[in-house]
Amino acid sequence: MLFKTLSASVYGIDAYVVEVEVDVGSARIQDFNVVGLPDNAVKESRERIKSALRNCGFEFPHGQGVTINLAPADVRKEGSAFDLPMGLGLVGCMGHFFGKMLDQCMFLGELSLDGSVRPVRGALSAALAAREVGIKSLAVPEANAREAAVVEGVDVFALKSLPQAVDLVNSPESFQPIRVDAHQLLSEAAQYSVDLRDVHGQQAAKRALEVACAGGHNILFIGPPGAGKTMLAKRIPTILPPMSLEEAIETTRIHSVAGVLEDGLPEFQRNVLEVMRQPLEDGSVTIARAAVSVTFPSRFMLAAAMNPCPCGYFGDPTRDCHCTPPMIQRYVSKISGPLLDRIDIHIEVPAVKYKELRAPVSAEDSAAVRQRVIAARNRQMERYRADKKTYSNAQMVPKMIRKYCAITPDGEKLLENAITRLGLSARAHDRILKVARTIADLDASEGIEPVARLAEAFYRKSWDSLHSTRRGF
Ligand SMILES: [Zn+2]
């Protein structure tokens with residue numbers, strides 16, 4: 001007797017459909033074999049399944065061999081989510097499904113020895129995989145149901161136990177799919193308790209943050225402790241365009257790193273910082289292990305913060321810095337030039353003067369800034385409509401920079417002089433043009449000149465030169 005159920009396996013952040021074929025009576029007596037590249041968790045499932053079946057009153061086919069095949073056979077199957085579909089397959093082989101085949105429902109769940117169903121990893125990805133191949137129903141452990149139900153177009157059923165799963169197969173009409181208002185959830189999640197208005201002073205840094213968000217540029221804040229670097233960075237989500245539902249689902253899958261930052265960036269080891277170069281440049285991370293190599297999408301806007309020196313007060317007019325030049329040099333050189341080159345905007349965040357702290361709050365709120373960011377982003381979406389995979393100025397490749405950031409010979413000369421004078425790298429040239437493009441988009445302007453825009457873009461890059469002068473102490 002052969003019975004087939006459907007399940008899913010997670011690979012990287014994607015899930016793919018797995019057919020679980022259960023065959024009773026074909027193998028050698030007393031055998032329980034799982035084939036199709038199962039990992040150890042899958043191999044151990046036979047003990048859980050045997051107990052669960054027995055404790056729920058279903059007989060295990062004793063005296064007959066059981067073979068379970070997980071197809072496609074050439075991809076490794078991980079985790080315990082196959083317990084439930086395998087158990088159901090056995091129940092099916094024993095004739096409890098009135099001859100029904102389970103080809104329209106995907107099952108995920110780990111079984112306890114008493115037959116209750118335990119949560120699994122990757123239910124959201126499984127729901128997306130089900131929708132992609134047109135599977136209409138997905139049955140998951142209760143704890144995973146809301147997460148999976150966010151995906152529209154698939155009916156998600158919450159399960160507590162193996163007997164309940166058997167009931168679902170035999171009388172689906174007595175079950176109601178879980179309904180989640182994903183749009184409602186999303187708008188609730190988009191309410192922030194912080195606002196850009198909370199940050200006193202720091203007009204230049206706020207402007208730099210607006211430019212960074214408008215063009216998707218990586219940004220580095222440099223300043224003494226307590227100047228507000230972290231406060232500024234924490235307000236990035238309040239001025240970015242709100243996520244669409246599809247984007248939120250993608251991001252939830254990826255557990256994005258965006259917007260997370262700690263004080264004191266160079267306190268990471270240099271080799272740790274260098275590892276960020278691949279994702280910054282390629283928008284992906286490849287993790288190679290013995291058996292498999294998985295590539296994760298990793299396009300993000302990096303917001304980083306660091307002190308200017310080990311004590312934090314170098315260049316502060318009100319506090320003394322006690323660091324020696326070699327100490328500062330060692331500290332700064334932890335960030336390599338090539339890594340800095342991938343951060344379009346470097347901005348100093350000086351200590352806030354007492355007067356500014358006490359001044360009445362009159363600054364713009366996040367909502368006003370966000371309106372300008374959205375308008376600038378819309379201009380970019382329009383411009384890059386034909387260029388696949390480009391959504392913001394920061395993502396422009398050199399060919400596009402030449403096309404969309406054209407400058408006059410005078411502007412080019414100015415740029416060259418400044419780059420030479422400030423000792424910037426050749427790569428900085430393109431970065432400055434990209435930032436100038438974003439500043440022009442915030443101004444709703446076609447051209448990236450006049451010179452004032454280029455000049456602001458330089459200024460945003462000026463720490464590079466500071467960096468090189470400091471090295472030459
Ligand atoms: Zn210092």
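These legends walk through several close-up views of one predicted protein model.

Because the model is predicted, local features need pLDDT of at least 70 and side-chain atom pairs count only at pLDDT 80 or more, while totals for chains, interfaces and linings use all residues. Residues are numbered from 1 along each chain as its sequence is written, and side-chain values use heavy atoms, with hydrogens and water left out.

View 1. Helices (H or I, at least four residues) and strands (E, at least two) are DSSP runs, numbered from the N terminus. Of the 473 residues, 48% count as buried. Here buried means under 20% relative accessible area, exposed means over 50%, and partly exposed lies in between (1.4 Å probe, protein chains only). Contact means heavy atoms within 4.5 Å. Among contacts between residues at least 6 apart in sequence, 73% join residues at least 24 apart.

**View 2. Helix H16 crosses helix H19.** Look for H16 at residues 366-383 and H19 at residues 426-442; their axes come within 8 Å and cross at roughly 115 degrees. That makes H16 roughly perpendicular to H19. Axes are lines fitted to C-alpha atoms, for helices over the stretch in contact, and angles run from 0 to 180 degrees between N-to-C directions. Angles under 35 degrees count as roughly parallel, over 145 as roughly antiparallel, 65 to 115 as roughly perpendicular and the rest as oblique. The crossing of H16 and H19 is right-handed; a crossing is right-handed if the near helix is turned clockwise from the far one by less than a right angle, and left-handed if anticlockwise. On the H16 side you will find Arg372, Val373, Ala376, Arg379, Gln380 and Arg383, which meet Arg437, Asp441 and Leu442 in H19. The residues of this contact divide into three nonpolar, one polar and five charged. For this sorting, Ala, Val, Leu, Ile, Met, Phe, Trp, Tyr, Cys and Pro count as nonpolar, Asp, Glu, Lys and Arg as charged, and the others, Gly among them, as polar.

**View 3. Helix H7 also meets H19.** The axes of H7 (residues 203-215) and H19 come within 9 Å and cross at roughly 95 degrees. That makes H7 roughly perpendicular to H19. H7 brings Arg207, Glu210, Val211, Ala214 and Gly215 to the contact, and H19 brings Val435, Thr438, Ile439 and Leu442. These residues divide into five nonpolar, two polar and two charged. Is Thr438 buried or exposed? Thr438 is buried, with a relative accessible area of 0%. Leaving aside residues up to four places away in sequence, Thr438 touches Val211, Ala214, Gly215, His217 and Asn393.

**View 4. Strand S8 pairs with strands S5 and S9.** Two strands pair if DSSP finds at least two bridges between them. S5 (residues 105-107) is joined to S8 by three bridges, and the two run parallel. S8 and S9 (residues 155-159) also run parallel, joined by five bridges. Follow Ser137 in S8: Cys105 stands opposite Ser137, and in S9 the bridge partner of Ser137 is Asp155. S8 (residues 137-141) is mostly covered, with five of its five residues buried.

**View 5. Gly153 sits in the loop between helix H4 (145-149) and S9.** At 64% relative accessibility, Gly153 counts as exposed. Gly153 and Ile135 are 18 residues apart in sequence and 9.3 Å apart in space, C-alpha to C-alpha.

**View 6. Three strands form an open sheet in the order S13-S10-S14, with parallel pairing.** The edge strands are S13 (303-306) and S14 (345-348), each pairing on one side only. From one strand to the next, the twist averages 20 degrees. S10 (residues 219-222) and S13 pair in the parallel sense over four bridges. Within that pair, Phe221 has Ala305 in S13 as its bridge partner.

**View 7. Helix H3 (residues 123-133) is mostly covered.** How many of its eleven residues are buried? Eight are buried, including Leu124, Ser125 and Leu128. Just after H3, Gly134 takes a positive phi of about 85 degrees.

**View 8. Leu196 lies in the loop between helix H6 (182-189) and H7.** At 2% relative accessibility, Leu196 counts as buried. Leu196 and Lys206 are ten residues apart in sequence and 8.1 Å apart in space, C-alpha to C-alpha. Not counting residues up to four places away in sequence, Leu196 touches several residues, among them Lys206, Leu209, Leu232 and Val369.
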